[in-house]
Amino acid sequence: MDAIKTEGLTKYYGSSDRLTRGIEQLSLSVEQGEFFGFIGPNGAGKSTTIRTLLGLISPSSGEAQVLGMDIRTEKEKILARTGYLPSEAVFYPGMRVRDILKLSADLRKKDCRNDAAALCERLQLDVSRKVDELSFGNRKKVAIVCALQHEPELLVLDEPTGGLDPLMQREFFEILRERNGEGTTVFLSSHILSEVQRNCTRAAIIREGRIIACDSVEALSRSNAKRVSIHGRMDLASLGRVKDLRETQEGCSFLYSGEIKVLLAALADGEIRDLSISEPDLEEVFLHYYS
Amino acid sequence: MTLTKHELRQGRISFAVWTGAISVLLVICLLVFPEMKGQMESISRLFAAMGSFAAAFGMDRLNFGTLTGFYAIECVNVLGLGGAFFASLIGISALEKEERDGTAEFLLTHPVSRTRVVTEKLMAILLQIAAMNLIVLLVSLFSICAIKEAIPWREILLMHFACFLLQIELAAICFGISAFLRRGGFGIGLGIATALYFLNLIANMSGKVKFLKYITPFGYCEGVDVVTDGRLDVRLVMIGMLFAVFGVAAAYRNYCRKDIH
């Protein structure tokens, strides 16, 4: 069974005479137990997708199931088995961390004290402090504990590492890997590509509300685009499909996604002193899809 | 009940401030009554010279020198207006504050249905209004005993009950509006309470606009009418409660369908 499955999911905002695109014909499937990356820049539709899946906004059309349940009719059941970490954690003013964690557990009708204590210890979170006094990073830690303390089957993380220092980021991903190892599906929405490349098995790239690529991280990194770096000169105009061109005094570097024969011919005609052709990293793949 | 308890905790300071302020004002009013009672003749002359202004507050129809008359004019005004502000504010902010403060995302990504959110928040509002009215009533009764006056039980209870109904109606209307708002509720809440209060004053001043009494809940909360009739105007109360039902129905209908940004 898929942990997340959408078919033609579409969300438009605004009135009928002035519609703004949120997501359009979005079809996606995330298998149970996957560590799935969801990549796209701001405004691409990542948060709209997540908000639709969690029932905060209603889809304009299309279908979606989370953990096999319909997002329109079984919202509460979905949320009972899901943990959500928002990009910006906001809590009720005047409350202490322990009160927020208890409120979250009570709303789930669960006793999560043991898990909460263990998570707070690992994340070095002081539960006696008031949430109003916490830094952005510490508020994020509270949100992490709220998302994880009830041991959800699905974790939906929206830009999860913002505000966390590198050591905490490491600890956080360690926790996520452990949970994933125990069977939890992780849906990680991020624009930090290294984060997705290091942790996810599969990823989808969203652009202007549509999925433009979805594959294993390995396969996405192995897309037909190559990073070509040369010392010397060559005629780039004859290549055609060149992206992310970076020129230096010595030569240049670019992403090439055309025919290899054409590339080799252009290289042979040029004055090349040194050459390297490598697989692009995920960041370069992202540029390949976006530039 | 988790959410109701949470709402009561969140609103405890506002509740204490409003209940305290209304109680203190009522105590002050009642403590000055014995002194005013001694100056009844000059006060009556003063009111007679005030014309329609006195009529606006019903001061032309009741004897200000009796505790019942004084209570109906002074104390019911304090409780009516103060209670109306409190009820409007808790009603208008109940649903709107979650989006204004950004906590709606936290709340609604827990397994609680929107219907449950609306129901539990409504319960919190009703409990706060009931508790406030009970405390204020007890404070009033103790104050009347303290100034060694006999308690006019029927009139006092009727006037307090009318104020309670007024607050329920205003809170319910504002609660309904709250479901449509994302921010800016406070101004709307205070504006509604103030406008309805003045509509009643206008209705009292001129017979041509008496129909305004059907719109404003202050119409059935008029202490002077309650005391002179010895009962509440059931027709006005029924219309008011109908408005309240519309408010609550609007809250359920809109909040359950609303997109949370």
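Mentor: Let us begin with A:Lys11, which forms a salt bridge with B:Asp259, the closest N and O atoms being 2.5 Å apart. A salt bridge here is a side-chain nitrogen of Lys or Arg within 4 Å of a carboxyl oxygen of Asp or Glu. Behind the rule is a general idea: side chains of opposite charge can pair when their charged atoms come close. Before we go on, please keep in mind that this is a predicted model, in which local features need pLDDT of at least 70 and side-chain atom pairs count only at pLDDT 80 or more, while totals for chains, interfaces and linings use all residues. Residues are numbered from 1 along each chain as its sequence is written, chains are lettered from A and ligands numbered from 1 in the order in which they are written, and side-chain values use heavy atoms, with hydrogens and water left out.

Now look at the strand around our lysine. A:Lys11 stands opposite A:Ile23 in β2(A), and the two strands concerned, β1 (residues 2-13) and β2 (residues 20-31) of chain A, run antiparallel and are joined by eight bridges. Strands (E, at least two residues) and helices (H or I, at least four) are DSSP runs, numbered from the N terminus, and two strands pair if DSSP finds at least two bridges between them. In general, strands of a sheet pair through backbone hydrogen bonds, either parallel or antiparallel. β1(A) and β2(A) form a hairpin with six residues between them, and in that turn A:Gly14 has a positive phi of about 90 degrees.

β1(A) also pairs with β4 (residues 61-66) of chain A, again in the antiparallel sense, over five bridges, and here A:Lys5 stands opposite A:Gln65. β4(A) in turn pairs with β5(A) over two bridges, antiparallel as well, with A:Met69 in β5(A) as the bridge partner of A:Val66. Put together, the four strands form an open sheet in chain A in the order β2-β1-β4-β5, with antiparallel pairing. β2 and β5 (69-70) of chain A stand at the edges and have a single partner strand each, so one side of each is left without a neighbour in the sheet.

From the sheet we return to the partner chain. In total, 28 residues of chain A are in contact (heavy atoms within 4.5 Å) with 25 residues of chain B. The two chains bury about 2,400 Å² between them, 58% of it on carbon and sulfur atoms; buried area means the accessible area (1.4 Å probe) that two parts lose on being put together, summed over both. A:Leu56, A:Tyr92 and A:Leu107 supply 32% of the area that chain A buries against chain B, more than any other three residues. How many salt bridges are there between chain A and chain B? The count is three, and the bridge of A:Lys11 with B:Asp259 joins these two chains.

Another pair, the side chains of B:Arg9 and A:Asp99, meets in a salt bridge at 3.8 Å, N to O. B:Arg9 lies in helix α1 (residues 2-10) of chain B and A:Asp99 in helix α3 (residues 97-107) of chain A, so the pair joins two chains. B:Arg9 is partly exposed, with a relative accessible area of 44%, and A:Asp99, at 25%, counts as partly exposed too; buried means under 20% relative accessible area, exposed over 50%, and partly exposed in between (1.4 Å probe, protein chains only).

For contrast, consider a pair within chain A. A:Arg113 forms a salt bridge with A:Asp111, the closest N and O atoms being 2.9 Å apart, and both residues are exposed. Over all chains the rule gives 26 salt bridges.
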